[in-house]
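Trainee: I would like to go through this model with you, one topic at a time. Could we begin with the strands?

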Amino acid sequence: MAKIEKFEEDLEFLLSKLGQDMQREAKEKLNRLKNQLVQLHRANLVKINHSVMELVCAKHLISKEYNVEVEHQLDGGLTCDLFAVKGYGTLIVEIETGFIPPEHALDPSAYNSARIASKIIRYSDHAGKFALGIPPHYILQIPQVFTVPPRQRALENLKDIKNLCDLYYQNPPVGLDEVKNARLHVIYVIDVDNASVQEVDPETYVKTKLVSISE
């Protein structure tokens with residue numbers, strides 16, 4: 001019970017920060033998302049570090065007139081962290097904290113690269129735009145193939161990404177066409193401390209961080 005109360009207390013505190021410059025209707029939307037996360041936490045389905053990033057990013061999207069859902073069910077048994085709709089446009093945001101499971105302590109870079117590639121491939125087909133949300137202290141390892149248009153992606157590079165994903169994610173395995181057509185449209189740098197979000201396009205991010213994975 002104490003852990004549940006602390007989770008709710010933390011989200012309430014964050015909501016008080018986020019709501020300082022929000023209109024009443026926007027606050028109500030964000031509060032609804034907070035309540036959903038509380039219910040999911042009671043079912044042991046979400047954790048605090050992930051949930052606070054979702055709320056900060058949700059506020060950013062709400063301010064841009066998106067209607068936002070958290071932990072949204074997609075086709076194929078997938079659940080995305082944020083699903084946002086504005087007019088006829090849809091956006092999926094997957095939050096990445098940089099956590100590496102203990103079983104991958106000896107191959108963290110390869111595992112992380114495969115995880116990012118797999119998310120881009122599996123989720124970007126379910127919305128008009130796909131984004132990754134990260135904290136400022138985490139440096140994404142983005143396969144370089146995803147920073148160029150699909151028509152410019154070489155078959156050899158597509159095979160390399162598929163082989164990388166197949167090492168860690170085979171249920172189901174990704175196809176070459178999925179790799180070719182997958183897109184990462186934007187990266188949201190989510191600063192929970194300051195309750196702010198910075199939008200960065202993937203190509204700029206790779207150039208400034210120098211962390212792309214060359215094929």
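Mentor: Strands S1 and S2 are antiparallel and are joined by six bridges. Strands here are DSSP runs of E with at least two residues, helices are runs of H or I with at least four, and both are numbered from the N terminus. Two strands pair if DSSP finds at least two bridges between them. This is a predicted model, in which local features need pLDDT of at least 70 and side-chain atom pairs count only at pLDDT 80 or more, while totals for chains, interfaces and linings use all residues. Residues are numbered from 1 along each chain as its sequence is written, and side-chain values use heavy atoms, with hydrogens and water left out.

Trainee: Which residue stands opposite Val 70 in S2?

Mentor: That is Leu 82. S1 and S2 form a hairpin with five residues between them, and Gly 76 in the turn has a positive phi of about 80 degrees.

Trainee: How many bridges join S2 to S3?

Mentor: Five bridges join S2 (residues 79–86) to S3 (residues 89–95), and these strands run antiparallel. Val 85 stands opposite Thr 90, and Phe 83 stands opposite Ile 92. This hairpin has two residues between its strands, with Gly 87 in the turn at a positive phi of about 65 degrees.

Trainee: What is the order of the strands in the sheet?

Mentor: The order is S1-S2-S3-S4-S5-S6, in an open sheet of six strands with mixed pairing. S1 (67–73) and S6 (196–200) stand at the edges with a single partner strand each, so one side of each has no neighbour in the sheet. On average, neighbouring strands are turned by 25 degrees against each other, direction ignored.

Trainee: Is Ala 195 buried or exposed?

Mentor: Ala 195 counts as buried, at 19% relative accessibility. Buried means under 20% relative accessible area, exposed means over 50%, and partly exposed is in between (1.4 Å probe, protein chains only).

Trainee: Changing topic, how many disulfides does the structure hold?

Mentor: The structure holds zero disulfides, a disulfide being a pair of cysteine sulfur atoms within 2.5 Å. For Cys 57, the nearest cysteine sulfur is that of Cys 80, 11 Å away. Cys 57 is buried, with a relative accessible area of 0%, and Cys 80 is also buried at 0%.

Trainee: And the helices: at what angle do the axes of H4 and H5 cross?

Mentor: The axes of H4 (residues 108–123) and H5 (residues 155–168) cross at roughly 105 degrees and come within 9 Å. Axes are lines fitted to C-alpha atoms, for helices over the stretch in contact, and angles run from 0 to 180 degrees between N-to-C directions. H4 and H5 are therefore roughly perpendicular (angles of 65 to 115 degrees; under 35 is roughly parallel, over 145 roughly antiparallel and the rest oblique).
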